[in-house]
Amino acid sequence: MNKTQTNIVNVAIDVLSKDESASMETIAEQASVSRMTIHRYFKNRERLFSSIHDVLIERTLVIFNESIDRFEDPLEQMESIIKTNAGKQGFHLLFREHGHHEEHDPETCKFSKVNEGLYKLIGRMREAGHIDSSMPDAWVFHMYDGVLLTAWETLHNGTVAPREIPELAWRTFKKGLLS
């Protein structure tokens, strides 16, 4: 993406984080570009959301990789991933446009990289004895999604103080699933 496209997508994430029904005109105004410029790069709202989705997946991968690189213990890696993701505005848009969490084709979908990394991390946590042995990996995987969705929804809705959300997300995951 060029600088203008990146600006439009970043502004769109910010605007749509606050008002999911915001018009392309509102996004254009906030991005300091014309609506025609937006449509030059994004033919319609679906294409803009597709780019938003790609950017948010890339941001998720960065958070994931930075946490894996920063910490050796898989429990600390998961804590860092959850706390960092839980406090990010706009990430709820990942679930809005792609509401169900189907299997992602590793050949065509960047989200499959996130899923693959998450399953590997769950495996390392299990090997280290951090995950309750009665919890299947798929359950842990979907609980991770559920905790983050809850965090993003409360952040988006303003129903919980933003500074509290990362810790609440981590405690919910930790107390619900870990040994």
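This is a predicted model: local features need pLDDT of at least 70, side-chain atom pairs count only at pLDDT 80 or more; totals for chains, interfaces and linings use all residues.

Student: Let's back up into α2 then. Which of its residues are buried?

Tutor: Helix α2 covers residues 24-31, and its buried residues are Met24, Ile27, Ala28 and Ala31. They span an arc of only 100° around the axis, so they are on the same side of α2.

Student: What's on the face turned away from that buried side?

Tutor: Glu29 and Gln30, which are exposed.

Student: And what covers the buried residues of α2?

Tutor: The cover includes α1 (3-18), α3 (35-41) and α4 (45-70).

Student: Switching topic: which residues have the most contacts inside the largest nonpolar core?

Tutor: Leu48, Ile52, Met78, Ile82, Tyr144 and Phe173, in a core of 53 residues. Helices that each supply at least two residues of this core include α1, α2, α4 and α5 (74-86). The one that gives the most is α4, with 9 residues.

Student: Which residues does Leu48 contact?

Tutor: Leaving aside neighbours within four places in sequence, Leu48 is in contact with Ile8, Val9, Ala12, Met24, Ile27 and Phe42.

Student: Now α5 and α8. How do their axes cross?

Tutor: The axes of α5 and α8 come within 9 Å and cross at roughly 30°. That makes α5 roughly parallel to α8, because angles under 35 degrees count that way.

Student: Which residues make the contact?

Tutor: From α5 you have Met78, Ile81, Ile82, Asn85 and Ala86. From α8 you have Tyr144, Val147, Leu148, Ala151, Trp152 and Leu155. Met78, Ile82 and Tyr144 are also on the list of residues with the most contacts inside the core.

Student: What about Gln77, buried or exposed?

Tutor: Gln77 lies in helix α5 and is buried, with a relative accessible area of 4%. Not counting residues up to four places away in sequence, Gln77 touches Ser67, Ile68, Phe71, Glu72, Leu121 and Arg124.

Student: I also spotted Ser17. Where is it?

Tutor: Ser17 is in helix α1. Its relative accessible area is 2%, so Ser17 is buried.

Student: What does the side chain of Ser17 have a polar atom 2.5 Å from?

Tutor: The backbone oxygen of Ile13. Setting aside neighbours within four places in sequence, Ser17 also contacts Ala12, Gln89, Gly90, His92, Leu93 and His156.

Student: Last one: what does Tyr119 touch?

Tutor: Not counting residues up to four places away in sequence, Tyr119 touches Asp137, Ala138 and Phe141. Tyr119 lies in helix α7 and is partly exposed, at 33% relative accessible area.

Student: And how far is Tyr119 from Thr172?

Tutor: Their C-alpha atoms are separated by 19 Å, and the two are 53 residues apart along the chain.

Conventions
Residues are numbered from 1 along each chain as its sequence is written. Side-chain values use heavy atoms; hydrogens and water are left out. Buried means under 20% relative accessible area, exposed over 50%, partly exposed in between (1.4 Å probe, protein chains only). Helices (H or I, at least four residues) and strands (E, at least two) are DSSP runs, numbered from the N terminus. The arc is that of the directions from the helix axis to the C-beta atoms. Contact means heavy atoms within 4.5 Å. A polar contact is a pair of N or O atoms within 3.5 Å; within protein, one must be able to donate a hydrogen and the other to accept it, and residues adjacent in sequence count only if both atoms are side-chain atoms. A nonpolar core is a set of buried Ala, Val, Leu, Ile, Met, Phe, Trp, Tyr and Cys residues joined through side-chain atoms within 4.5 Å. Axes are lines fitted to C-alpha atoms, for helices over the stretch in contact, and angles run from 0 to 180 degrees between N-to-C directions. Angles under 35 degrees count as roughly parallel, over 145 as roughly antiparallel, 65 to 115 as roughly perpendicular and the rest as oblique.
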